[in-house]
Amino acid sequence: MRRVASLWRRALARAIPRSFGEIDARALEDLEERLITADFGVRASQRFVEAVEEAAREEGAGDGDGLRRVLAGSIRAVFEGDDEGGLAVADTAPTVYLMVGVNGVGKTTTVGKIAHRLAAEGRSVIVAAADTYRAGATRQLERWTQRAGAGFVRGKPGGDPAAVAYDALSAATARGADVVLVDTAGRLHTHKDLMKELAKVERVIRGRHEGAPHETLLVLDATVGQNGLVQAREFSRYVTVTGIVLAKMDSTARGGIVVALREELGIPVRLVGVGEDPQDLEPFDPDDFVQGILGAP
C-alpha cells in the first residue's frame, strides 16, 4: 500500500501546494487551475476551492496545515461509502466480472492480473476470451491465465463474443468455479455497432445467470486524463458500469481523474494498476489517495 500512496504523491505533487500563503483571489485561482490540470474535473475543483476559501475566512482555519486538511477532507468525502477496492461477490456462484474498455488501455493484462489476484486468494477462476477478433489477444490472455492457474474458454476466430461468455458460464457451473472473468475486445466508444455488441454480451450473461454480471469493470488508461471521463460516460450508455480499473497509474503525472469519475458519474474506482507484473494490481484506497494529497510520508 505504501507503494500506491507514493504513486499518488508523485501524481499529485504539482497539483496541491505544499503550503498555503495568503488566501486571496489569485491564490484560489491558482489552486483551481492546478486541480483542473491534475484532472480533478471542473465541478469538483470549484467545490474544493470554495471549501478552502470558506475555511480561510473562519477563525483558526487560516494556517497552511488547517487549509490542507480542509482540502483533503473535502476530497475524501467524495469517496464516502465506497468499498475500498472490494469487488462484488455473488450469493450463488459463479461471480461474473465483465471487462470492457477501448483499444490499448491494458484490458487484457488487467484481466490476467485480476485472475492472478483471485487465484492467490484461493478462488477457482475461469477466464473467457470473448475478444474473438484478435488472435494475439487470445494468446496473450491464455498465457496470463496459465500463469494464474485458471481455466480458459475461447471461441472461434470472428465468432460471437456473447456465445463465448455463455459457454464460459456453462463451464463454470459444470466445474463449480467461483469466478468467471469475461474479457471483451477493445472498442472505441464512438463505434455504435461494436458498443451494441457489448450490450448484447451483457444481456446474454444476465440471461444465463441471475444477478450477473456482478461487476462490469471499465478499464481506463490513467494517462489519458479527462478523455477517460468521456469514455466512462459513453460506455455507461450501453452497459451498466459498476467500477473502474485505472491501469498504468505508474506511468502518469496526474491522478485526479478518480475524483472526476466519482464526482461527475458516480462510478467508483475499484482497482489501480501499478506495474507490469501479475501482482501489480492494488485496491483503490481513498485514504492512500488523500495521503498522497497531503504529501505525508
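This is a predicted model: local features need pLDDT of at least 70, side-chain atom pairs count only at pLDDT 80 or more; totals for chains, interfaces and linings use all residues.
Q: Why is the pair of Phe40 and Phe289 called tilted?
A: The ring centres of Phe40 and Phe289 are 6.3 Å apart, and a pair requires centres within 6.5 Å. Their planes stand at 45 degrees; stacked rings need planes under 30 degrees apart and edge-to-face rings over 60, so the rest count as tilted. The pair is therefore tilted. It is one of five aromatic pairs in the structure.

Q: What makes the pair of Phe40 and Phe289 a link between distant parts of the chain?
A: Phe40 lies in the loop between helix H2 (25–37) and helix H3 (42–57), whereas Phe289 belongs to helix H11 (residues 286–294). The two residues are 249 residues apart. Both Phe40 and Phe289 are buried.

Q: What makes the aromatic pair of Phe79 and Phe284 edge-to-face?
A: The angle between the planes of Phe79 and Phe284 is 65 degrees, and planes over 60 degrees apart count as edge-to-face. The centre-to-centre distance is 5.2 Å, to be set against the limit of 6.5 Å for a pair. Phe79 is in the loop between helix H4 (64–78) and strand E1 (95–100), and Phe284 is in the loop between strand E8 (281–283) and H11, 205 residues apart. Phe79 and Phe284 are buried.

Q: Which residues do ring pairs link into a cluster?
A: The cluster consists of Phe40, Phe48, Phe79, Phe284 and Phe289, linked by ring pairs.

Q: How do you know that the charged end of Arg147 sits over the ring of Trp144?
A: The charged end of Arg147 is 4.8 Å from the centre of the Trp144 ring. The criterion asks for CZ of Arg within 6 Å of the ring centre and within 35 degrees of the ring normal. Arg208 likewise lies over the face of Tyr166, at 5.4 Å from the ring centre.

Q: What describes the packing of H2 and H3?
A: Two packed helices are described by the angle between their axes and the distance between the axes. For H2 and H3, the angle is about 145 degrees and the axes are 9 Å apart. The crossing of H2 and H3 is right-handed. Residues making the contact include Leu28, Leu31 and Leu35 of H2 and Val42, Phe48 and Val52 of H3.

Q: How do the residues of the contact of H2 with H3 divide into nonpolar, polar and charged?
A: Eight are nonpolar, two are polar and two are charged. Glu32 of H2 and Glu53 of H3 are among the contact residues, and Glu counts as charged.

Technical notes: Residues are numbered from 1 along each chain as its sequence is written. Side-chain values use heavy atoms; hydrogens and water are left out. Rings of Phe, Tyr and Trp (its six-membered ring) pair if their centres lie within 6.5 Å; planes under 30 degrees apart count as stacked, over 60 as edge-to-face and the rest as tilted. Helices (H or I, at least four residues) and strands (E, at least two) are DSSP runs, numbered from the N terminus. Buried means under 20% relative accessible area, exposed over 50%, partly exposed in between (1.4 Å probe, protein chains only). Axes are lines fitted to C-alpha atoms, for helices over the stretch in contact, and angles run from 0 to 180 degrees between N-to-C directions. A crossing is left-handed if the near helix is turned anticlockwise from the far one by less than a right angle, and right-handed if clockwise. Contact means heavy atoms within 4.5 Å.
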